[in-house]
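Please look through the structure below with the following numbered points beside you.

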Amino acid sequence: MSDLKQELKEKIITQLNLEDIAIEEIADNDPLFGDGLGLDSIDALELIVMLDKDYGIKLTDPKEGKKIFESIEVMAKYIAEHRTK
Amino acid sequence: MEKVYINSIGSISAQKTFDNNDFLEEITPYEDTVISAIEPNYKDFIPPAAARRMAKGIKMGVVASKIALEEAHLTDIDAIITGTGMGCVRDSEKFVTAILDNNEQFLTPTSFIQSTHNTVAGQIALGIGCKGYNFTYVHSSISFESALMDALMQLECREAENILVGGVDESGEHTNAIHKLIKHIKPEKVHSNKLLHSNTVGAVFGEGANFFVLSNNKQEFSYAQVLDVKTYNTLAKPELMAVLKAFLKENELSEADIDVLISGNNGDIDYDDYYLDLTNGPFKNTQQVYYKHLSGEFNTASAFGFWLGAKILKTQHTPSAITLNTFRANKIESILLYNQYRGKNHSFTLLRRC
């Protein structure tokens with residue numbers, strides 16, 4: 001699980017071009033949206049595509065994303081339970 | 001009709017031009033087939049959260065426009081008009097590559113959103129909260145001149161007072177590879193000093209963003225007056241002289257009234273003849289300068305020539321790195337810019353000291 005969290009942090013930094021943020025600066029329970037990392041709706045779409053492409057998880061209801069992308073902790077748990085890749 | 005002035009400038013090019021206090025005091029020489037823009041520290045101009053989705057062309061355009069607005073002491077503007085030949089080509093390449101690599105699946109939105117040609121003008125407007133006229137001309141190597149023409153007409157007719165006009169193009173890896181394949185880019189590396197003597201086909205490609213605040217209000221810090229601009233998509237070589245004469249006549253000028261000719265030579269043996277007709281013909285005894293050995297060739301490279309003209313008129317100084325012949329005008333009052341690319345999309349632009 002900790003490997004997956006590390007992997008997710010790396011992917012988020014690279015794919016969302018968060019070049020000023022280091023992996024160590026993202027805590028497992030930091031909110032990804034709003035006051036935390038400050039991600040926005042375009043980032044949410046990027047994350048939905050990432051789930052599909054890298055982990056074989058298709059989100060049919062975009063509202064699900066709100067819960068799944070709450071933090072690295074929540075995201076990693078969801079991926080671990082639902083991944084097909 | 002109102003007169004139109006260049007009130008400020010902002011340039012990012014393959015030379016260190018983003019500091020308006022400098023005027024090519026330090027030249028960066030190159031020996032390559034493609035040269036890149038020297039970038040300022042973008043963080044000094046764009047908040048990191050806004051910059052993270054911007055490709056190089058957008059950053060260059062946004063920063064060049066900020067420099068121009070700051071120099072003009074303006075925080076808002078009546079209109080934003082840009083010219084670009086290839087638009088945000090890096091994000092276009094990224095998006096198309098993703099389509100191919102992922103078999104039309106898993107397409108992410110960012111590169112698609114940022115790949116449109118009017119992204120730069122849009123981002124500038126978003127940055128300063130400008131809800132005015134926002135237009136982008138995509139007309140190959142007369143893209144900048146088309147933007148300029150639009151601004152001139154609006155300012156001459158007093159439809160606007162201050163307009164931000166600019167030309168921006170970024171270099172894309174895949175696009176350059178294709179241009180190399182079809183020999184639009186020179187096959188061999190050429191030193192900047194030897195560009196016009198390369199005797200080979202193609203050009204050394206470059207990139208850059210050059211922005212200007214044009215206004216019908218002359219300020220004490222104004223650079224020059226823009227007299228006129230005219231473009232021609234096609235122009236056979238035998239017609240060039242007649243067209244030039246007519247253009248000058250429309251502005252009540254003749255060749256003898258031009259103090260400096262800014263020529264867009266790019267060292268392409270197949271198409272530099274157009275320029276040679278002017279430099280060896282009616283402007284043989286006129287001071288001549290060139291610039292594509294410093295900026296590289298790109299669809300809006302002529303905006304760098306425009307930047308050069310504005311600087312020369314304001315400072316009355318011609319840096320030695322751009323001289324094409326030995327003539328020196330005592331006083332520089334009128335400048336003619338001539339540009340074309342591969343024998344097409346010709347433009348004449350007239351600037352006057354103010």
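**Notes on the model**

1. In chain A, L4(A), K5(A), L8(A) and K9(A) of α1(A) meet I72(A), M75(A), A76(A), I79(A) and A80(A) of α4(A), where contact requires C-beta atoms, placed from the backbone, to lie within 7 Å, and helices are DSSP runs (H or I, at least four residues) numbered from the N terminus. By class, this contact has seven nonpolar, no polar and two charged residues.

2. This is a predicted model, in which local features need pLDDT of at least 70 and side-chain atom pairs count only at pLDDT 80 or more, while totals for chains, interfaces and linings use all residues. Residues are numbered from 1 along each chain as its sequence is written, and chains are lettered from A and ligands numbered from 1 in the order in which they are written.

3. The axes of α1(A) (residues 2-15) and α4(A) (residues 72-82) come within 9 Å and cross at roughly 115°, the axes being lines fitted to C-alpha atoms over the stretch in contact, with angles running from 0 to 180 degrees between N-to-C directions.

4. The contact between the chains takes eight residues from chain B and 11 residues from chain A. On the side of chain B, the elements that give two or more residues are α1 (48-51) and α4 (109-113).

5. E145(B), found in helix α6 (residues 143-156) of chain B, is buried because 28 other C-beta atoms lie within 10 Å, the cut-off for buried being 20 or more. E145(B) lies 7.2 Å from S347(B), C-alpha to C-alpha, although the two are 202 residues apart in sequence.

Conventions: Buried ≥ 20, exposed ≤ 12 C-beta atoms within 10 Å, placed from the backbone. Contact = placed C-beta atoms within 7 Å. Nonpolar A, V, L, I, M, F, W, Y, C, P; charged D, E, K, R; others polar.
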